[in-house]
Amino acid sequence: MTLPIYLIGARGCGKTTVGQSLALAQGCQFIDTDRWLQEQAQKSIAEIVEQEGWPAFRARETAALEAVSAPSCVIATGGGIILSEHNRHFMHEKGVVIYLCASVAVLANRLAAFPQEEQRPTLTGKPISEEVSEVLAQRDALYREAAHYVVDASLPPQQVVAEIEAVLQLARAS
Ligand code: ADP
Ligand code: MG
């Protein structure tokens, strides 16, 4: 049995993609808090935000985080999960937190190439690179505060998985 592994980082950093491969490699269950809370609510994130507002969405996100946190799980989180001090502290105490870190250019390219994969409404209505830049400026320090380890998420997915596995081995040996 191992501690839950939390993947944190901005939209497009690869939490879902890398998380699924990592879970497979580790023989863990994979859970995506965004997906989990949408199934629970029977609504998309866009609908939750539109009908209930951002604070209600954030409350659902915290509830999801707490509900899914279990041993031998890889948990992909929503990009804004670290905005809550409670969530940062909860993840840091409960498990191993990995920040998938990528530059604005890398993130903006991925989001531009696959805009349909992210159902969350844009936060500002601005062009992608501008929005990514602003969001990262606001959140990078919070990701780092919550994280035990920072991994380069601009590498190909299998290399990101390998990096995380190396870091986990170190963590388990210590
Ligand atoms: P997140 O869950 O963090 O928002 P996703 O896993 O959904 O990110 O990835 C966003 C997009 O970027 C997807 O189209 C995915 O295929 C692509 N992607 C994710 N990780 C990588 C990577 N390491 N290298 C190249 N493309 C990636
Ligand atoms: Mg995702």
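**Briefing: loops and sheet**

Gln42 is exposed, with a relative accessible area of 69% (exposed is over 50%, buried under 20% and partly exposed in between, with a 1.4 Å probe and protein chains only). The model is predicted: local features need pLDDT of at least 70, side-chain atom pairs count only at pLDDT 80 or more, and totals for chains, interfaces and linings use all residues. Residues are numbered from 1 along each chain as its sequence is written, chains are lettered from A and ligands numbered from 1 in the order written, and side-chain values use heavy atoms, without hydrogens and water.

**Positive phi**

- Gln42 is not a glycine, yet its phi is positive, about 60°.
- Gln42 sits in the loop between helix H2 (33-41) and helix H3 (45-52); helices (H or I, at least four residues) and strands (E, at least two) are DSSP runs numbered from the N terminus.
- Ser72, also not a glycine, has a positive phi of about 55°.
- The loop between helix H4 (54-68) and strand S3 (73-76) holds Ser72, which is partly exposed at 26% relative accessible area.

**Sheet**

- Five strands form an open sheet in the order S2-S3-S1-S4-S5, with parallel pairing (two strands pair if DSSP finds at least two bridges between them).
- Strand S2 (29-32) and strand S5 (149-152) are the edge strands, each pairing on one side only.
- Strand S1 (residues 5-8) pairs with strand S4 (residues 96-101) in the parallel sense over four bridges, and Ile5 stands opposite Val96 in S4.
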